[in-house]
Amino acid sequence: MKSTIVIALGGNALLKRGQLMSYENQLENIQIAANAISKLTEKYQIAIVHGNGPQVGLLAQQNDNYKEVPAYPLSCLVSETQGMIATMLVQELRKVTNKPIVSILTHVEVDANDPAFSDPTKFIGAIYSESEAKIFAEKYGWSIKPDGQHFRRVVASPKPIKVRESAAIKTALDNGNIVICGGGGGIPVTQIEGTFSNIDCVIDKDATAALLATQIQASYLVILTDGDGIYLNWGTPEQIKLDEIDTNKLATYTFAKGSMQPKVDAVIEFVNSEKGRIGLIADLQLASEALSGKAGTRITN
């Protein structure tokens, strides 16, 4: 049996920071992702979890602007991004691999009482100047926070509890499929009086990928983003790349809360869940090189 990899594909890698959020630009970046992932298909079972921060933010803004129809809930927009991004990934992967590919609509359980609902931190949508952000915050009732030198909308991002379709995902993997699942961190649902209902938030896709990887007994969690690994003192003349580090040492460092810290937290949780599991954070184009130890940051226990 081949080892299983869960790949967490960043929404910001599919629509790069500051890039026009067009279909054509997203397709070009997805083609790069598909080519990188195709190099792994002969050796590994692969599940792909993708982000949706820029995409769901764009849908939300379009949604708020069309006044003739009441705005759809954020949870529904997450499901829209699952379909939109997954179909592009399927089409591009089919051009570069003969492996069967399946996309599974994925629901992820969260706790409605999670404190994250009162402290939104998940960046979605485009970047703005401070003055632009204030205008949108007032117009749409958004929560806005700094994202580096820019500003972006933030929404609640509770901790995922269970990937509800994990058994179906594992069955599809064991039958030789590349599986696209958990898009946008999954469609968020919560249990109310014994039944599950959608709830408005955006779950961090790295946290969902780590949870899924644990549930399906994956050997690797590979987070592909728009930077080659973990850096200390990022963006300063003193920045240092971490090529390999164990979870105990990694946990002593603090990173940007809205970008690298969730990735670090997800990798630590997965790697510590069982001895021998390995986490990797690497550039979108360097997945194969990261697995062979030639790129990215390798996290072990």
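Predicted model: local features only at pLDDT ≥ 70, side-chain atom pairs only at ≥ 80, totals over all residues.
I count a residue as partly exposed when its relative accessible area falls between the buried limit of under 20% and the exposed limit of over 50%.

**Entry: asparagine 65**
I looked up asparagine 65 and got a relative accessible area of 40%, so I log this residue as partly exposed. I find asparagine 65 in helix 3, which covers residues 53–65. Which residues does asparagine 65 contact, leaving aside its neighbours within four places in sequence? I got Lys139 and Tyr140.

**Entry: cysteines**
I searched the whole structure for disulfides and found zero. For cysteine 181, the nearest cysteine sulfur belongs to cysteine 201, 18 Å away. I then checked cysteine 201: its closest cysteine sulfur is in cysteine 76, at 12 Å, which is too far for a bond. Cysteine 181 is buried at 2% relative accessible area, and cysteine 201 is buried at 1%.

**Entry: nonpolar cores**
I turned to the largest nonpolar core, which has 41 residues. The members that touch the most others are Val6, Ile169, Leu212, Leu221, Ile230, Leu250 and Ile299. Elements that each supply at least two residues include strand 1 (3–9), helix 7 (205–215) and helix 9 (260–272). Helix 9 gives the largest share, seven residues. I also noted a separate core of 33 residues, with Ile5, Ile7, Ile30 and Leu284 among them.

Last, I went back to leucine 212: beyond four places in sequence, this residue contacts Val6, Val49, Val163, Ser166, Ile169 and Cys181.

Conventions:
Residues numbered from 1 in each chain as written. Heavy atoms only, no water. Helix = DSSP H or I, 4+ residues; strand = E, 2+ residues; numbered from the N terminus. Buried < 20%, exposed > 50% of the residue type's maximum accessible area, 1.4 Å probe, protein only. Contact = heavy atoms within 4.5 Å. Disulfide = S-S within 2.5 Å. Core = buried A, V, L, I, M, F, W, Y, C linked by side-chain atoms within 4.5 Å.
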